[in-house]
Amino acid sequence: MQGLDSAAALVRDGRIVAAAAEERFTGEKGTGDFPVQAIEYCLRTAGITAADLDVVAHSFHYTLDPDIAELDEDAAGQFASLYRPERQRELWRTLVGPMPRRDFVAVPHHVAHAHSALDLSGFDSAVVIVSDGMGETESMTVLRADTDGLRPILTVPASHSLGVLYSLVTHHLGFLPAMDEYKVMGLASFGDPDRFGDVFTDLVRLAPEGGYVIPLLTGEVDRRSQDLHEGALARLVDLFGPARQPGEELTQRHKDIAAGLQRRLEDLVLRTAEWARSTTGEARLCLAGGVALNCTANGRIVDSGLYDDVFVQPAAGDDGAALGAALAVSSRDGNPRVRMTMPYWGNAYRDETLREVAASTEGFVVEEFTDDRALAARVAGELADGKILAWFQGGMEFGPRALGNRSILADPRSSETRDLVNLRIKKREDFRPFAPAAKAESAAKFFEIKPGAEDQYAHMVVLTRTRPEHVAGLGAVTHVDGTTRVQTVRREHNVRFWELLDALEERIGVPVVLNTSFNVQGQPIVRTPQEAVATVRDARLDGLVLGRTYLRPVGVEAAR
């Protein structure tokens, strides 16, 4: 398996049966291991075995350039041991079992990303922009999509990758590259983008037709330097000063670097979107690839009004490419494109199972509820009283966002709550913002969302702003610059979560809750009800909602 965030998805007749990242089973965050357990989960959910599969699709398709094979022994060796399509077939036979009945297909990486967005958008025609660290040889691909399929109209090679540049600056700032870019996005709000604006303008230069070039990434002298980007990292020190070491204090210089980088990325993404709109005339846009997880840039595109509708695939990283590879093959059978609702495609537990876990757990007072409305009223009361609760429901979300099934919840009103959850429970940097979940039908009252466009914000991947009159009353979920990454919730998509928001509106006057992923630092999202109980104990949370059961710890002081 190439890339990070390895995952598996199973599609039947164009419908997603199951999808999950391998990290959700191994506990290793961002793992790139061959997704054996994720595959087994998908097969188990569908009630089939590997022998029943018609096609297996893999989200990379490498071919070896004859010139590279002659000139670069290392590249030829890497292709033979890792990248050749036959290697994936070997891994499948060894780790999974029988080959599929019809075919084993290698799908080009950006094609897989493109299908992961287009086929779930419901659009007959659209522009699709895929941007990430790199696929096989590209780092950005712009495609035009219609009923006949996808056609590339612009590519930027991997040697000029905006995603790689963002990762290198992430590393320079003392964070984990290819993992912590979202931290840099949050940090940017505290900085002055003009301080290093000219530097970033020079680092990423405009090319014709919506493209760009990054000379910094093309000057490495040998294979080792190329792989480690040694020259580029040294140049960043020359441009910005000493690299920050992990754990060191964040200074204003670091914040200004983050701000300059973020603005340059936003400007470039918006420029490409403008070029694609004028070139194709398409009024709808799909976004995928790791760069599409930059919700601030996505918000710039939505706010620009360039497109009538923007769809961002919520698992935009390489986990989503696994889903896209399956959809790419499925689309050949003429299955219609249908707008997805919520990606609750991961492991699920019935309420009966959750009740059994609760009943067998010591050290908690257990309250059971017979209907969602009574549960919502009880939980809303606890949140209104300042309690911080874990929420474990239904199928696990596919992708990095907590969307109301594996969440930590809190009162959205006070910035003190934000600080408490950051420092004492999540044990993470104090500059990190939290996102709100809000009833879709009320969201435009509190956030700068155009009425009728609420579904563009359903997956917490588009940034907007809290309306000025509500900033003070939503301090826990409004960032320092007034922005917020809201999730809009419809009753028909998650009735239990919506009922909670509705009960909060009755209790505190706002149908909004602070919603963050159910994990602590370094831990993937909580996977099982037993792990949920253990995490509540370790993090000293005030309670846990398992299905319709509410567990309150006894004799344990909460994280105050």
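**Sheets, helices and buried residues in a predicted model**

Of the 14 residues of helix H14, 13 are buried, so the helix is largely enclosed by the rest of the structure. Here buried means under 20% relative accessible area, exposed means over 50%, and partly exposed lies in between (1.4 Å probe, protein chains only). Helices (H or I, at least four residues) and strands (E, at least two) are DSSP runs, numbered from the N terminus. The model is a predicted one, in which local features need pLDDT of at least 70 and side-chain atom pairs count only at pLDDT 80 or more, while totals for chains, interfaces and linings use all residues. Residues are numbered from 1 along each chain as its sequence is written, and side-chain values use heavy atoms, with hydrogens and water left out.

At 1.5 Å a residue, its 14 residues should span 20 Å, and the end C-alpha atoms are 19 Å apart, which agrees; the expected span is 1.5 Å times one less than the number of residues.

We turn next to the sheets. Strands of a sheet pair through backbone hydrogen bonds, either parallel or antiparallel. Two strands are taken to pair if DSSP finds at least two bridges between them. Eight strands make up an open sheet of mixed pairing, in the order E12-E21-E20-E13-E14-E19-E15-E18. Its edges are strand E12 (364-368) and strand E18 (487-489), each of which pairs on one side only. From one strand to the next, the twist averages 30 degrees; axes are lines fitted to C-alpha atoms, for helices over the stretch in contact, and angles run from 0 to 180 degrees between N-to-C directions. Within this sheet, strand E14 (residues 406-410) runs antiparallel to strand E19 (residues 512-517), joined by four bridges. Leu 409 has Asn 515 in E19 as its bridge partner. Helix H20 (residues 529-539) lies across E12, strand E13 (389-392) and strand E20 (543-546), and runs at about 165 degrees to E20.

Another open sheet, also of mixed pairing, has five strands in the order E7-E6-E5-E10-E11. Strand E7 (149-157) and strand E11 (309-312) are its edge strands, each pairing on one side only. Here the twist averages 20 degrees from one strand to the next. Strand E6 (residues 138-146) pairs with E7 in the antiparallel sense over eight bridges, and Thr 141 stands opposite Thr 155 in E7.

E3 pairs in the parallel sense with strand E4 (residues 103-106) over four bridges, with His 58 opposite Ala 106 in E4.

Some single residues are also worth a look. Asn 298 sits in helix H13 (residues 295-304) and is buried, at a relative accessible area of 2%. Its side chain reaches the backbone oxygen of Val 461 at 2.8 Å. Leaving aside neighbours within four places in sequence, Asn 298 is in contact (heavy atoms within 4.5 Å) with Leu 287, Ala 292, Val 312, Val 461 and Val 462.

As for the cysteines, the count of disulfides (pairs of cysteine sulfur atoms within 2.5 Å) comes to zero. Cys 286 is in no disulfide, and the nearest cysteine sulfur, that of Cys 295, is 18 Å away. Cys 286 is buried, with a relative accessible area of 0%, and Cys 42 also counts as buried, at 2% relative accessibility.

Technical notes
A polar contact is a pair of N or O atoms within 3.5 Å; within protein, one must be able to donate a hydrogen and the other to accept it, and residues adjacent in sequence count only if both atoms are side-chain atoms.
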